[in-house]
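Reader: Please take me through this model by question and answer. Keep it brisk.

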Number of protein chains: 2
Amino acid sequence: MTEPKSNTLEPLESLSMTDRVENILREYFTENGFKPGDSLPNEIEISQKLNVSRNVVREALSRLRMLGMIETRPRRGMIMAQPDLLAGIEKVLNPLLLSQDNLKDIFELRLILEMGISEFLFARKTEKDLDELEAIVKRQKDLTVVSKEEEVAFHGKLYEMTGNDTFQRFQTLLMPIFEHVFTGYYNQETHVDIPNRVTHHDLFMLLKHGTQEEFRKGMYTHLAVYFATITDR
Amino acid sequence: MTEPKSNTLEPLESLSMTDRVENILREYFTENGFKPGDSLPNEIEISQKLNVSRNVVREALSRLRMLGMIETRPRRGMIMAQPDLLAGIEKVLNPLLLSQDNLKDIFELRLILEMGISEFLFARKTEKDLDELEAIVKRQKDLTVVSKEEEVAFHGKLYEMTGNDTFQRFQTLLMPIFEHVFTGYYNQETHVDIPNRVTHHDLFMLLKHGTQEEFRKGMYTHLAVYFATITDR
């Protein structure tokens with residue numbers, strides 16, 4: 001049984017037998033070039049080859065199953081599968097469990113992502129997208145306060161318009177945490193008055209008729225109340 | 001035993017008993033407001049309460065342990081812990097297993113993140129950071145080809161300068177996949193000649209002496225060879 005090259009800085013002694021078997025299996029898949037659909041040795045074979053108990057192997061396999069890396073198919077047994085990129089992160093996004101530093105990082109990560117999409121929006125916007133976005137901002141025009149749902153509708157549509165499903169899903173996952181962190185800031189009254197407020201409707205007009213630079217500046221002003229919380233570290 | 005509100009679109013019948021117990025436990029933690037350090041019921045208690053086998057409970061707990069959500073401490077038994085936000089994603093970043101769409105999404109995600117950091121860099125850059133960045137670009141100045149290691153050294157220093165550890169780790173995780181995807185594009189000869197190439201040294205000068213807009217435009221030109229691969233969807 002060879003030790004895996006550890007890709008974390010965890011000391012080896014703190015790894016449980018299950019951690020080690022999990023690492024060994026992932027390394028085995030990579031080094032042997034396994035692709036989705038390939039048949040895998042079963043639990044008994046793995047347990048015999050590694051000389052570890054079936055319980056330990058079953059636990060390690062269950063972890064990989066959770067990540068979507070392996071599947072069991074009728075009559076085919078265990079096969080390699082296409083993992084779900086965001087399954088792990090989705091499961092741990094609990095504000096009560098994450099550290100304050102992690103929560104702050106996620107808050108900022110949403111801002112970074114929001115400021116980075118203009119190239120993609122201008123490269124991929126279509127008439128159909130713009131029509132749908134227009135319908136969203138029109139119904140928001142008479143609202144004095146934009147609800148959380150309307151925020152998600154507008155920004156979610158922009159994420160969709162990037163044409164990047166992973167980005168869209170990732171950013172959507174981050175939004176509840178973003179709100180949670182900002183509510184904390186807001187209660188501490190660190191909010192500032194932003195003069196020239198840029199609305200969703202303004203952003204829509206810039207995306208439809210303006211330049212990439214104008215849109216990006218508009219987005220910055222739209223998010224200025226959040227950027228005001230950014231301080232030196 | 002109550003069913004958890006499912007946060008995926010998976011039909012209920014495809015969930016294994018372990019999937020269900022895992023979901024129930026995560027929901028139980030959230031609804032009861034468990035925080036890191038809180039004691040948790042043990043495997044036997046959970047198995048009795050949910051009326052499921054200990055093997056199933058052990059597997060579900062092993063998954064949560066992998067995500068860093070629970071830990072076992074000497075004399076304290078099982079406790080709630082601070083999960084590792086990126087543990088799951090780190091484990092599945094295998095180019096052979098991810099779909100072509102996922103790989104392309106990750107490629108683009110790095111570009112989005114790279115274009116979104118200028119606000120953070122200008123808000124948080126310090127003399128010490130700039131000195132360190134200068135040392136990196138000085139040693140790269142005479143190189144005709146910038147190696148992968150030197151790419152990581154320069155961009156990695158920028159990620160560090162954002163002051164956001166999660167962003168830094170996330171972006172560093174994406175880089176090997178980014179290279180993998182781009183090598184594919186490059187071999188298909190979709191590369192274009194970029195006239196006014198912006199070097200790492202140029203970017204350093206813009207970060208030190210220029211404006212946020214100038215830096216961002218420089219970054220776009222620096223990455224233009226990658227942006228040239230972005231097409232409509």
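Author: Contact means heavy atoms within 4.5 Å. This is a predicted model, in which local features need pLDDT of at least 70 and side-chain atom pairs count only at pLDDT 80 or more, while totals for chains, interfaces and linings use all residues. Side-chain values use heavy atoms, without hydrogens and water; residues are numbered from 1 along each chain as its sequence is written, with chains lettered from A in the order in which they are written.

Reader: Which pattern does chain A follow along the sequence?
Author: Helices (H or I, at least four residues) and strands (E, at least two) are DSSP runs, numbered from the N terminus. Chain A has twelve helices and two strands. Read in order, the pattern is α-α-α-β-β-α-α-α-α-α-α-α-α-α.

Reader: How much of chain A is buried?
Author: Buried means under 20% relative accessible area, with a 1.4 Å probe and protein chains only. Chain A has 233 residues, and the buried share is 51%.

Reader: What area do chain A and chain B bury between them?
Author: Buried area is the accessible area (1.4 Å probe) that two parts lose on being put together, summed over both. In contact are 68 residues of chain A and 68 residues of chain B. Carbon and sulfur atoms carry 62% of the buried area, and the total is about 6100 Å².

Reader: Which three residues supply more of the area that chain A buries against chain B than any other three?
Author: Together they supply 12% of that area. They are A:Leu85, A:Leu97 and A:Ile112.

Reader: How many salt bridges cross the interface of chain A and chain B?
Author: A salt bridge is a side-chain nitrogen of Lys or Arg within 4 Å of a carboxyl oxygen of Asp or Glu. A:Arg216 and B:Glu119 form one, at 3.2 Å from N to O. Across the interface of chain A and chain B, the rule finds six.

Conventions:
Buried < 20%, exposed > 50% of the residue type's maximum accessible area, 1.4 Å probe, protein only.
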